[in-house]
Every structure is written in structure tokens, then in C-alpha cells.
Amino acid sequence: MRPMLLTRTALLLAAFFFATGFQAPTPMDKADVGAAVATQTATLQAAEIEAALNAAYTKYKTLQKGANADYIPALAKVDASIYGIALVTPDGKVYTAGDIKSEVSIQSISKVFTMALVMEEQGPDALLNNMGVDATGQVFNSIVAIEQYKGAEMNPLVNPGAIAATSMVSGTSREQIWNKILTTYNDFAGRKLSVNEEVFKSEADTNQRNQAIGKLMYAYGRIKDNPDQATDIYTEQCSVNVNARDLAIMAATLANGGINPVTGKQVMRSEYVPEVLAVMATAGLYDDSGKWLYATGLPAKSGVGGGIIAVSPGRFGIAVISPPLDAAGNSVRAQKAIADISNALGGNPYAVTPAK
Ligand code: DON
């Protein structure tokens, strides 16, 4: 901003505060944030939540639409009948329906948490200035989207931006970078996660397109060094196994300002959570992100393993796993179940009761 403009803005703000008696809010400490969150969730009763989960579980249990991803051969073999729902509130209560034991590979949902790690290390501007934070309107592994703006004007939740984000995690060896990524996921989930080696190998053997994407991002300077290593680590992060409960706790950590509501650990800075949610809102379900936001208002992220997470800030984190996907690569049952549950619980952050 130019100095003249700054002075003018400052004067206008001072006049506004004087005229309205508006007081700038004092920064909240952690206890205040917890109290505010508790007040918002107090209206959500356990019985309402359980009823919403059970209704959605039953309604979509027999739905037979979509198909497992098969461009990663190991994913085609995953049991298509796995169907589990979990919702976690900021006070750490876990609600479930169906199969919350079976694990699937996290796939693209991992991108959210690597994005969070890069922010922790370098701040939000590092991502903004590298791959950007705009929706591409293209499929998640689009090369056209890279070409359009030379690897910029996209975001960390599509493959090119995600591989570049993985390349931004600092470390002197592959092992150190990988441990940092896995530790971050563990902290978000509140337990030690492990890699599905079969899925990792299957994708590593068939991911020539992602290797090309990594090289192209390197050619445009969005990856500074060693694009093959970045693609390899990205492939491993996508292969981390999770169940619906893990994913819901990860989502609830974002709903709770970066503090894992089950373990109480601050996993990321509270002030960066809105930026993560913003990109989830605009790009979390790829080229169907607009339709999803229109229906639910919820920042969300899908993965081709069949999981979707969604966040109602201050209210809940929710996850559903069901492997059959639609044409955009998003789980059919998960989209429907989350939309129903959130709408039943008033989860849409844009829906407010007007002041009288
Ligand atoms: O890079 C890939 O193609 C996969 N490892 C992840 C893609 C994905 O999950 C897209 N999700 N809807």
C-alpha cells in the first residue's frame, strides 16, 4: 500500500471507531478460544448428532453408485463396501456410525496436512507466492492447469501444487522430510499412522503422469530441487492408512483452531487455520468444489481412497469413508452423508439467523 493511501485508511478507521464507539477486540488467549468454541457447540446435543449420523448411515448404506479408483491398481482391490462415518466436536467427543475400523489410503486428503506443515515452517505467503491459492477448475492432475500460468495461479490441493508443497518441507535428507510429514499427520490424527506399502508400491510403479507433473513444476521453478524425490515423498504421503475416526479427528483439529480436541496438542498455529480452510473451500473437491460449497458451505477435502473430510469451524470435524467414487474422483456416499449430517446439525457457516 502506498503511504498516502495508508494515511487515508488510518484516518477513515479512526473516524469509524470514534463515531461508533467500536473497540478493537483484545487478542484471545487459548482458554478464551476454548470457551468460545464450547459456547458455539453447546447447542449441539449428543442425541441430535447420533440421530443425524445413524440416519445418514442407514439412508446411503444400500446406495450402489460410483466405482473404486482403478488408475492406481491397488485401489481397485479395496473392499467397496467399507462405509464408516465419524464426527468429532471441539470438546473431543467422538460420534460414529458403521465401519470405523477399516483403513483406506488417505490419498489427496494428505495434501491439507502437508500444506499446514509448510505454513508452520514458512508462513502462508510462501504458498501464495509459489503455486498460489486459486482454484483451477480442472481435474486434479491437470497439465493444462500448469501450462496456463507456468505453475502459478493454482493451489496446494491439486497434484502439481501438492507435489510442489511437499518439495517445500525442509530437511537435509529424504528420511528427515518424511518423518516430519508423518509426525504432522500423526499429531493431527492423535495416533501413530502407518504407510500402506502395497498402495505405495502400486502408485509408485504407475505414477508416470505425476512424475511428469513434478518435472514440469521444476522446469517452471516451483520446485527448487530434486522433483523426483518430491513426487516420491508425495506418493508415500498419499499411501498413509487412515480410518474414519482418524480422519474426523484430523478435521476436528482444523475445526478447533489447530488444537487436536482429543489429545489437546496444538498441532498448528490457530491463525493459519483460516487459510487452510479457504483453499479447502475453493478447491477441496476439485472441479466439483463449487457444487459442494453451494450444497453445504463446508471446507472439505476428498481422496481417491474413498475418504472425505469436512470442517464446520467451531462446531465439528466430520469424515466418511466409502471407496466408490463419482467422475470427479469424490466418494459418492461420503458426499451425500456429510451433506445430510451437516445440514441436519446446522453446520453451514454461511447460514445465520438474522438479527431482529
Ligand atoms: O496423485 C494421485 O493421483 C493420488 N495419489 C491422489 C489423487 C486424489 O486423491 C484425488 N482425489 N480426489
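## Strands and pairing

Strands are DSSP runs of E of at least two residues, helices are runs of H or I of at least four, and both are numbered from the N terminus. Two strands count as paired if DSSP finds at least two bridges between them. The structure is a predicted model, in which local features need pLDDT of at least 70 and side-chain atom pairs count only at pLDDT 80 or more, whereas totals for chains, interfaces and linings use all residues. Residues are numbered from 1 along each chain as its sequence is written, and side-chain values use heavy atoms, with hydrogens and water left out.

## The open sheet

An open sheet is built from five strands in the order S2-S1-S7-S6-S5, with antiparallel pairing. Its edges are strand S2 (94-98) and strand S5 (300-302), each of which pairs on one side only. On average, neighbouring strands of the sheet are turned by 10° against each other, direction ignored; the axes are lines fitted to C-alpha atoms, and angles run from 0 to 180 degrees between N-to-C directions.

Strand S1 (residues 84-88) runs antiparallel to S2 and is joined to S2 by five bridges. Leu87 has Tyr95 in S2 as its bridge partner.

## Strand S6 and its two hairpins

S5 and S6 are antiparallel and pair over three bridges, and Ala300 is the bridge partner of Ala310 in S6. The two strands form a hairpin with four residues between them, and Gly306 in the turn has a positive phi of about 115°. On to strand S7 (residues 316-321), S6 is joined by six bridges in the antiparallel sense; here Val311 is partnered by Gly317 in S7. Three residues lie between the strands in the hairpin of S6 and S7, where Gly314 takes a positive phi near 80°.

Strand S6 (residues 307-312) is largely enclosed by the rest of the structure, because six of its six residues are buried (under 20% relative accessible area with a 1.4 Å probe, protein chains only; over 50% is exposed, and in between is partly exposed). Gly307, Ile309 and Val311 point one way from S6, while Ile308, Ala310 and Ser312 point the other way, and all are buried.

## Helix H12

Helix H12 (residues 227-238) has twelve residues, which at 1.5 Å a residue should span 16 Å, and its end C-alpha atoms are 16 Å apart, so the two agree. The expected span is 1.5 Å times one less than the number of residues.

Nine of the twelve residues of H12 are buried, so the helix is largely enclosed by the rest of the structure. Among these buried residues are Pro227, Ile233, Tyr234 and Cys238.

## Cavities and a pocket

Two cavities of 30 Å³ or more are found in a search of the whole structure. On a 1 Å grid over the protein atoms alone, a cavity is a set of points where a 1.4 Å probe fits but cannot get out, a pocket is an open set with protein on both sides within 12 Å along at least five of seven lines, and lining residues have an atom within 4 Å of a point. The largest cavity has a volume of about 50 Å³, and its lining includes Tyr71, Phe140, Glu203, Tyr234 and Cys238. The second largest cavity holds about 40 Å³ of space, with Thr136, Asn155, Tyr286 and Asp287 among its lining residues.

The second largest pocket has a volume of about 250 Å³. It is lined by 18 residues, of which Ser167, Met168, Val169, Lys224 and Asp225 are the closest to its centre. Helix H8 (159-168), helix H9 (174-189) and H12 each give two or more residues to this lining.

Methods. Grid points are joined across faces, edges and corners, and a volume is the space filled by probe spheres set on the points.
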